[in-house]
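Okay, thanks for coming, everyone.

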Amino acid sequence: MLAKLTDVLQGTIENKYAIPAFNVFGYEDAQAVIEAAEEIGAPVIIATNKVAIQHMPIHIIGKLLVGLAEQAKVPVVVHLDHGKDYETVAKAIASGYSSVMYDGSQLPFVENVRTTKEIVQMAKAFGIPVEAEIGSVGYSDPTLGTGALTDPLEAKRFAEETEVDALAVAVGTVHRMEEQTAYVQFDRLREIEKLVSIPLVMHGSTGIPDEDLKKLASTNIGKVNIGTAIRMAFGNTLRQEVNKNVGSFDRIDWFKRPMDAVKEEAKHKMRLLNLENYAKQTANVK
């Protein structure tokens, strides 16, 4: 079922779990992620970043993902990741996305606040939740964006002035890390938690060691963005399939094992984020 970000983030802080947001590029990885969520019995967020909507127009991929979400057995949020301008966010909402992120993190603080408030005003007119970012999560390739750790007092002011529904913070992670060597500054995160009451968001989570990812489930981080991990699972397995079947040209056959690999990696991350406990709690309520 199609869900909004605010729906699935309810209870994450109190019940010590976090919802993963997996960056997807089309049917194969999106369907695999949804199947993983159905097998765990928990909500999930499928997100598209700038690369995805450059490859497939947002009004097309949006309808595809919304269609998959609507037929899912668990709540599925269709989320725009790192929307960089008003027009892109508006197109996502018009295309059926149930959640959007506006990323003004590379702007000066005052400008980030001003543009984020404009996005929030527009999105709320359509009942769509908004995530934004204060501080800046950098990239393993610094030409794609520089990082700046989140100042707790700025986070408080930003959340209050913009009235966003979720706030991405920078506490040590980096986008597109292929190894789990990120150092999460839990002390900084705790300082932010004391001042900001809305759910927080962790970007660049592929680089977080498993033990630290488990620890995040007990913090105010309600949403955890993961992209590179499932891209590597898909790409490495696809490479094996192509090399093993050099005479084959049927990509549907090639995609079967990569989809299974994505599903297993997604389930692994969900378990680390304590979503099996969420599933048990939900079953007991019923």
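**A walk through the model**

Let's start with Lys-214, which counts as partly exposed at 42% relative accessibility. For that word, under 20% relative accessible area is buried, over 50% is exposed, and partly exposed is in between, with a 1.4 Å probe and protein chains only. Lys-214 is in helix α10, residues 210-216.

Some housekeeping before I go on. This is a predicted model, where local features need pLDDT of at least 70 and side-chain atom pairs count only at pLDDT 80 or more, while totals for chains, interfaces and linings use all residues. Residues are numbered from 1 along each chain as its sequence is written, and side-chain values use heavy atoms, with hydrogens and water left out. When I say helix or strand, I mean DSSP runs numbered from the N terminus: H or I with at least four residues for helices, E with at least two for strands.

Now α12, which covers residues 251-272. How far does this helix reach from its first C-alpha to its last? The 22 residues reach 32 Å, close to the 32 Å expected at 1.5 Å a residue; that expected span is 1.5 Å times one less than the number of residues. There is still a kink of about 25° at Arg-257, shortly before Pro-258. The bend there is the angle between axes fitted to the seven residues ending at a residue and the seven starting there.

Just past the helix, Asn-274 has a positive phi of about 70°. Quite a few α12 residues are buried, among them Trp-254, Phe-255, Pro-258, Met-259 and Val-262. As a reminder, an α-helix has 3.6 residues a turn, so residues three or four places apart point the same way.

α12 also takes us to a pocket. Together with α3 (27-40) and α11 (228-244), α12 is one of the helices that each supply at least two residues to the lining of the second largest pocket. That pocket has a volume of about 280 Å³. Of its 13 lining residues, the closest to the centre are Phe-25, Gly-26, Glu-28, Asp-29 and Phe-234. Which helix gives the most to this lining? That's α11, with five residues. By type, the lining splits into seven nonpolar, three polar and three charged.

Staying with α3, Ala-30 sits in that helix and is buried, at 0% relative accessibility. Ala-30 and Pro-209 are 179 residues apart in sequence and 24 Å apart C-alpha to C-alpha.

Lys-16 isn't a glycine, yet has a positive phi of about 60°; it is in the loop between α2 (12-15) and β2 (19-23). Lys-16 is partly exposed, at 36%. His-82, also not a glycine, has a positive phi of about 55°. Is His-82 buried or exposed? Buried, with a relative accessible area of 9%, and its place is in strand β4, residues 76-83.

Last stop is Lys-117 in helix α7, residues 109-125. Lys-117 is partly exposed at 42%, and its C-alpha is 10.0 Å from that of Val-130, 13 residues away in sequence.

How values were computed:
1 Å grid on protein atoms, 1.4 Å probe; cavity = no way out; pocket = protein on both sides within 12 Å on 5 of 7 lines; lining within 4 Å. Points joined across faces, edges and corners; volume = space filled by probe spheres on them. Nonpolar A, V, L, I, M, F, W, Y, C, P; charged D, E, K, R; others polar.
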